[in-house]
2 protein chains.
Amino acid sequence: MSNVRMRREMGDKIDLGAKVPSYPMPVVLVGANVKGKANFLAVAWFTVAAHTPPKVAVALNKAHYTNQGVKENKTFSICIPSEEMIEATDYCGLFSGSKTDKSRVFDVFYGKLKTAPMITKCPVNLECSLDKVIDNGSNEMFIGDIVSTYTEKKYLTDEAVDIRKAKPFLLSLNDRQYFALGEPEAKAWSAGKNYKP
Amino acid sequence: MSNVRMRREMGDKIDLGAKVPSYPMPVVLVGANVKGKANFLAVAWFTVAAHTPPKVAVALNKAHYTNQGVKENKTFSICIPSEEMIEATDYCGLFSGSKTDKSRVFDVFYGKLKTAPMITKCPVNLECSLDKVIDNGSNEMFIGDIVSTYTEKKYLTDEAVDIRKAKPFLLSLNDRQYFALGEPEAKAWSAGKNYKP
């Protein structure tokens, strides 16, 4: 590839360097018992890690209080809050469990693992067993096996969680703004069937 | 904790079991050169993995054609498409590079790593150097160091990428639907300042 062709194809591109990207990040609360008390941390670096067995991954700064509890108990939860819980969620991102007792912010329940606190008010709670801890520098990634998914009938459509009923919200990092989910745009695994490149 | 208290606190909760969750998943295209040709795969299991150094993580089913190229070159890209690219993105999720040549679906450019193809039309492209491969069962997670972030001036506000200009979109797994980003709801690291639990 010649440099001329490369320049042309790069068009108006500018290189911002090695930076954490901004995109719509799903906001979740990571629950862990720390020193015997329920604690919750607001997090946006979360994803599914595998389909079979079902696993999730969450990248937490090593300085967080929550990490101690995950390692101690080998369990944690992923609690997906709804729009109406924005203030309480943001509170759990602003104040560390090392100085603020967050065990009474929410009504809490426990599932079969006994040590992964979950938030009754959250439309969806994933109860997780710790599988791996990956060292990524400033952050450690906790990969967990989902052992149970707790929800309520009112959030279901056709026996599956309906995100239009659960109303999760998103974080944009660059403008430090929470966003609502928008409107459906197209069917996945369908909209591109007749696309002609 | 007594069983009585536990039942009460669980309220109307039902356990759906060990399942991959549905939440608003950011849709990205993973770019890799496979057998010398640019290939792109639509993916929604993507997250930031670390702040310092900046890293991303993406969980790909082991059967995907793209994985071969990531391992061969030790490079890949994360290309964040805009709403107007939904059909082309979905096309890249429907058809495997093993049977369909996707090297001409988009105008492509390369950066300093030389082997991580990126999509000119995408508002944001992350050029990544492979750091680790994590085996998670059906999926392998590629963790990459971000070496460059390519965008265009028209997507910036205050010198940072503005997602209201880039217009990324989201996937809901359970209803197989792409969603637009909605409206800003509240300021992050602020809305919870005066929250009283």
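Within helix 3 (residues 86–94) of chain A, the buried residues are I86(A), A88(A), T89(A), D90(A), Y91(A) and C92(A), where buried stands for under 20% relative accessible area, exposed for over 50% and partly exposed for what lies in between, with a 1.4 Å probe and protein chains only. Helices (H or I, at least four residues) and strands (E, at least two) are DSSP runs numbered from the N terminus. The model is a predicted one, in which local features need pLDDT of at least 70 and side-chain atom pairs count only at pLDDT 80 or more, while totals for chains, interfaces and linings use all residues. Residues are numbered from 1 along each chain as its sequence is written, chains are lettered from A and ligands numbered from 1 in the order in which they are written, and side-chain values use heavy atoms, with hydrogens and water left out.

The cover over the buried residues of helix 3 of chain A draws on both chains: it includes strand 3, strand 4, strand 14 (169–172) and strand 15 (177–187) of chain A, together with strand 15 (177–187) of chain B. Contact, here and below, means heavy atoms within 4.5 Å.

Helix 2 (residues 66–73) of chain A has T66(A), N67(A), G69(A) and V70(A) as buried residues. These residues lie on the same side of helix 2 of chain A, because they cover an arc of only 165 degrees around the axis, the arc being that of the directions from the helix axis to the C-beta atoms. Among the elements that cover them are strand 3 (28–34), strand 4 (37–43), strand 6 (55–61), strand 7 (75–80), strand 10 (124–135) and strand 11 (139–152) of chain A. After helix 2 of chain A comes K74(A), which has a positive phi, near 60 degrees.

The same surface serves both copies, since 100% of the contact residues of chain A recur in chain B.

The size of an interface is often given as the accessible area lost when the parts come together. Between chain A and chain B the buried area is about 9,500 Å², with carbon and sulfur atoms giving 65% of it; this is the accessible area (1.4 Å probe) that two parts lose on being put together, summed over both. To the contact, chain A brings 106 residues and chain B brings 106 residues.

Side chains of opposite charge can pair when their charged atoms come close. A salt bridge is counted where a side-chain nitrogen of Lys or Arg lies within 4 Å of a carboxyl oxygen of Asp or Glu, and the structure holds 22 of these salt bridges over all chains. Between chain A and chain B the count is 6 salt bridges. K13(A) forms a salt bridge with E152(B), with 3.1 Å between the closest N and O atoms; K13(A) lies in strand 1 of chain A and E152(B) in strand 11 (residues 139–152) of chain B, so the pair joins two chains. Both K13(A) and E152(B) are buried.

Within chain A, K37(A) and D101(A) meet through their side chains in a salt bridge of 3.0 Å, N to O. This pair links distant parts of the chain, with K37(A) in strand 4 of chain A and D101(A) in the loop between helix 3 and strand 8 (108–109) of chain A, 64 residues apart. K37(A) is partly exposed, at a relative accessible area of 45%, and D101(A) is partly exposed at 41%. K55(A), D131(A), K132(A) and D145(A) are linked in a network of salt bridges, and in the salt bridge of K132(A) with D131(A) the closest N and O atoms are 2.9 Å apart.

Aromatic rings also meet across the chains. Rings of Phe, Tyr and Trp (its six-membered ring) pair if their centres lie within 6.5 Å, and planes under 30 degrees apart count as stacked, over 60 as edge-to-face and the rest as tilted. The structure holds 12 aromatic pairs over all chains, including a tilted pair of Y23(A) and F46(B), at 5.1 Å centre to centre and 55 degrees between the planes. Y23(A) lies in the loop between strand 1 (13–15) and strand 2 (25–26) of chain A and F46(B) in strand 5 (residues 46–50) of chain B, so this pair joins two chains. Y23(A) counts as buried at 1% relative accessibility, and F46(B) is buried with a relative accessible area of 1%. Y91(A), F95(A) and Y195(B) form one aromatic cluster.
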